[in-house]
Amino acid sequence: MTKKSLQTRLVRSDYVPPSGFDAFPTPIHHASTVLFKDVASMRAGDWKRKDAYTYGLHGTPTTFTLEARLAAIEGGAHCLLAPSGLAAIAMVDLALLKSGDDVLLPENVYNPNRDLGRWLSTDFGVTARFYDPLVGGAIADLIQPNTKLVWTEAPGSVSMEVPDLRAICAAAKEQGVLVALDNTWAAGIALRGFDVGADIVMQALTKYQSGGSDVLMGAVITRDQALNDRIAASHMRLGMGVGADDAYLVLRGLETLKLRFDAHDAAGRKVAAWLKTRPEIVTVLHPAFEDCPGHDVWKRDFSGAAGLFSVIFDARYTQERTDRFVDALIMFGIGYSWGGTHSLAVPYRMQGMRREWADAGTLVRFNIGLEHPDDLIADLEQAFAVL
Ligand SMILES: Cc1ncc(COP(=O)(O)O)c(C=O)c1O
């Protein structure tokens, strides 16, 4: 063959690296185009099968490896990645709900999930109804013939009620309704969603799995092949691709997930116990504490706790004063999300979410990071002084 021009040689190189390289990290495969050996194998390609590659959107060795590891942590069989936790929630809704269907969501659900439900109601002919997260088996009374999906979140990620998932799942199963669990808080470590009867486990990998406050990603894990295939169709139609570098970061995070989670748990309980002694705080909403609605369910079903919990200030402290308390914190960042190494504090308005919170004082949610808990307590102590 004639010698190729520089322009071509810049695009196409004959160099092939020596084989036999091995190392611990999963290789990062960047790809939109996936190359086929010949046209016949291209024609034979099926994007739904995970034993072959068709297009970057449907998977590379990097994303397949992450999916397999996440499914194994939850005790599931299939996993689909999405570009954020919220995208994973949307992927489930759009796979399973159509005009005329009904979805049940807990009143304390992650707010954008609530907003998505409302949007499906106003613009897409689906009804979204909200239930008391402590409803338990009485969810049976809310299920209608057109109810197709029940969302659960354990615990609610702001108000922290722990739902009786076993009772909700059993009641829904009896009426042939699917249950999706947002298991982001327990991360498949403190609770495995399928063990309590969920059909679909969703996780925001943005939190503990990535652990670095630097990645947005979500996962939908199932056991049933047909259910996975329905959600996979939604994954494909919505173009839910994730970047290889982000997938790599989550894979790297998974190796230390249990150790980090346990450290967040221990530090969270220590800080929460200290906050419980403070006269400014009336309620510590931490599932491992008796104040928390659903604490008994947590004791029965969970093997640990995340580092995310909330407290309610005495109603005599106005919002302006509790805002000043949060502003005075030095070690706690002010910002959304959680599960990272840095501690965070966020004040929330409880009014308007659930009726019983109409008179509640300000709620402040804490993400306890991996700083030493004694330093965090010292910081909280100096911030209480400004109250
Ligand atoms: C309980 C819960 N679910 C889902 C999400 C969504 O995750 P993401 O931020 O990756 O969209 C969040 C994020 O804050 C969350 O707290």
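The entries below go from the ligand to the open spaces and then to the backbone.

**Entry 1: the model**

I note at the start that this is a predicted model.

**Entry 2: around the ligand**

I began with the neighbours of the ligand. I found 13 residues around the ligand, and G85, L86, D182, T206 and K207 come nearest. I then sorted this shell by class and got 5 nonpolar, 5 polar and 3 charged residues.

Next I looked up which atoms of the protein lie by the oxygen atoms of the ligand. For T206, an N or O atom of the side chain is 2.5 Å from a ligand oxygen. For G85, the backbone provides the atom: one of its N or O atoms lies 2.7 Å from an oxygen of the ligand. W338 brings in its side chain, with an N or O atom 3.1 Å from a ligand oxygen. How much of the ligand does the protein bury? Taken alone, the ligand exposes 390 Å², and I read that 91% of that is buried by the protein.

**Entry 3: the largest pocket**

Which pocket does the ligand take up? I checked, and the space taken by the ligand is the largest pocket. My note on its volume reads about 750 Å³. I listed 38 lining residues for the largest pocket, with Y110, N111, V158, Y336 and Y348 closest to its centre. I also wanted to know which elements contribute to this lining. Those that give two or more residues are the helices α4 (85-96), α5 (111-123) and α11 (319-328), together with the strands β6 (200-204) and β10 (344-348). By class, I have 19 nonpolar, 12 polar and 7 charged residues in the lining of the largest pocket.

**Entry 4: the second largest pocket**

I moved on to the second largest pocket, where about 220 Å³ of space lies. Its lining has 16 residues, and those closest to the centre are K48, K50, C79, L80 and N228. At least two lining residues come from each of α3 (61-74), β1 (78-82) and α7 (225-238). Which element gives the largest share? I found that α7 does, with 5 residues. The classes here are 7 nonpolar, 5 polar and 4 charged.

**Entry 5: the cavity**

I then asked how many cavities of 30 Å³ or more there are. The count comes to 1. For the largest cavity I wrote down about 60 Å³ of space. I looked up what lines the largest cavity, and the residues are G56, L57, H58, G59, T63, E67, L81, H235, M240 and V242. Sorted by class, this lining has 4 nonpolar, 5 polar and 1 charged residues.

**Entry 6: backbone notes**

I finished with the backbone. Most peptide bonds are trans, and most residues other than glycine have a negative phi. Is the peptide bond from A154 to P155 cis or trans? I found that bond to be cis, with omega near -10°. P155 belongs to the loop between β4 (147-153) and α6 (165-174). I placed M160 in the loop between β4 and α6.

Conventions
Residues are numbered from 1 along each chain as its sequence is written. This is a predicted model: local features need pLDDT of at least 70, side-chain atom pairs count only at pLDDT 80 or more; totals for chains, interfaces and linings use all residues. Side-chain values use heavy atoms; hydrogens and water are left out. A residue is near a molecule or strand if one of its heavy atoms lies within 4 Å of it. A polar contact is a pair of N or O atoms within 3.5 Å; within protein, one must be able to donate a hydrogen and the other to accept it, and residues adjacent in sequence count only if both atoms are side-chain atoms. Accessible areas come from the Shrake-Rupley method with a 1.4 Å probe; for residues, only the protein chains shown count as cover. On a 1 Å grid over the protein atoms alone, a cavity is a set of points where a 1.4 Å probe fits but cannot get out, and a pocket is an open set with protein on both sides within 12 Å along at least five of seven lines; lining residues have an atom within 4 Å of a point. A molecule sits in a cavity or pocket if more than half of its atoms lie within 2 Å of its grid points. Ala, Val, Leu, Ile, Met, Phe, Trp, Tyr, Cys and Pro count as nonpolar, Asp, Glu, Lys and Arg as charged, and the others, Gly among them, as polar. Grid points are joined across faces, edges and corners, and a volume is the space filled by probe spheres set on the points. Helices (H or I, at least four residues) and strands (E, at least two) are DSSP runs, numbered from the N terminus.
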